[in-house]
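Please keep the structure open while you read.

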Amino acid sequence: MLRPGWAPEECVYSNDYKPETFHAGAIDQEGKVVGIVSFHAEPYTGQPDVSALRFQGMAVTPALQGSGVGSALLRWALDHARGRGGVELVWCNARTPALTFYRRLGFVSVGDEFVTEWGPHYLMFRRL
């Protein structure tokens with residue numbers, strides 16, 4: 001759902017198997033994965049001395065986007081991150097079309113829009 005047409009082995013991040021990394025998924029009543037997100041320890045550019053987690057790979061199957069699945073998944077993951085202790089903030093490179101989604105969940109954008117191979121993004125963070 002995040003990278004249509006890619007083989008699963010092409011969707012692995014370099015930190016996926018580090019001990020501080022965790023992955024969360026939303027599963028529907030039929031047992032199908034309908035949402036994903038991955039968190040790993042990575043300093044936040046704006047405050048390198050603050051204990052931070054970066055999340056990447058946030059995606060919800062297109063048929064369920066706007067249904068609340070993504071919000072529920074990210075809220076659960078933020079609670080899990082908070083429960084691990086010692087983490088002060090989480091951050092991401094948010095796709096520009098998703099700014100409203102992240103802002104509703106308390107994220108703040110920083111700086112100007114930038115473009116990656118995946119399109120326009122903003123740096124966003126939220127304190128835990």
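1. How many helices and strands does the secondary structure of the protein chain come to? There are two helices and six strands. Keep in mind that this is a predicted model. Along the sequence, the elements follow the pattern β-β-β-α-β-α-β-β.

2. Start with the sheet. Six strands form an open sheet, in the order S1-S2-S3-S4-S6-S5, and the pairing is mixed. S1 and S5 are the edge strands, as each pairs on one side only. On average, neighbouring strands of this sheet are turned by 25 degrees against each other, direction ignored. As background, strands of a sheet pair through backbone hydrogen bonds, either parallel or antiparallel.

3. S1 covers residues 22-27. S2 covers residues 33-41, and the two strands pair in the antiparallel sense over six bridges. Phe22 has Phe39 of S2 as its bridge partner. The hairpin of S1 and S2 has five residues between the strands. In that hairpin, Gly31 takes a positive phi near 85 degrees.

4. Which of its side chains point to the buried face? Phe22, Ala24 and Ala26 point to one face and are buried.

5. Next comes S3, residues 52-60. S2 and S3 pair in the antiparallel sense over six bridges. Ala41 stands opposite Leu53 of S3. Val60 also lies in S3. Is Val60 buried or exposed? Its relative accessibility is 9%, so Val60 counts as buried, the cut-off being under 20%. Val60 and Val33 are 27 residues apart in sequence, yet their C-alpha atoms are 8.9 Å apart in space.

6. S4 (residues 89-95) and S6 (residues 119-127) pair in the antiparallel sense over seven bridges. In this part of the sheet, Arg95 stands opposite His121 of S6. S5 (residues 108-116) pairs with S6 in the antiparallel sense too, over six bridges. Val110 has Leu123 of S6 as its bridge partner. S5 and S6 form a hairpin with two residues between them.

7. Helix H1 spans residues 69-83, which is 15 residues. From first C-alpha to last, H1 reaches 21 Å, close to the 21 Å expected at 1.5 Å a residue. H1 packs on the sheet and touches S1, S2, S3, S4 and S6. The direction of H1 makes about 150 degrees with that of S1. After H1 comes Gly85, whose phi is positive, near 75 degrees.

8. Which residues of H1 are buried? They are Val69, Gly70, Ser71, Leu73, Leu74, Ala77, Leu78 and Ala81. An α-helix has 3.6 residues a turn, so residues three or four places apart point the same way. Compare that rule with the list. The cover over the buried residues of H1 includes S1, S2, S3, S4, S6 and helix H2 (99-104).

9. Ser71 sits in helix H1. Why does Ser71 count as buried? Its relative accessible area is 14%, and buried means under 20%. Which residues is Ser71 in contact with, leaving aside its neighbours within four places in sequence? They are Phe101 and Leu105.

10. Look at the aromatic rings. A pair of aromatic rings is described by the distance of the centres and the angle of the planes. The count comes to eight aromatic pairs. In one of them, the rings of Phe101 and Tyr102 have centres 5.0 Å apart and planes at 75 degrees, so the pair is edge-to-face. The cut-off for that label is over 60 degrees. Both Phe101 and Tyr102 are buried. Ring pairs link Phe22, Phe39, Phe55, Phe101, Tyr102 and Phe107 into a cluster.

11. Finish with the whole chain. Buried residues make up 39% of its 128 residues. Among contacts between residues at least 6 apart in sequence, 57% join residues at least 24 apart. The accessible surface comes to about 7,500 Å², and 52% of that belongs to carbon and sulfur atoms.

Note on methods. Residues numbered from 1 in each chain as written. Predicted model: local features only at pLDDT ≥ 70, side-chain atom pairs only at ≥ 80, totals over all residues. Heavy atoms only, no water. Pairing = 2+ DSSP bridges. Helix = DSSP H or I, 4+ residues; strand = E, 2+ residues; numbered from the N terminus. Buried < 20%, exposed > 50% of the residue type's maximum accessible area, 1.4 Å probe, protein only. Contact = heavy atoms within 4.5 Å. Areas by Shrake-Rupley, 256 points an atom, 1.4 Å probe, with all protein chains shown as cover. Expected span 1.5 Å × (residues − 1). Phe/Tyr/Trp six-rings, centres within 6.5 Å; stacked < 30°, edge-to-face > 60°. Axes fitted to C-alpha atoms, helices over the stretch in contact; angles between N-to-C directions.
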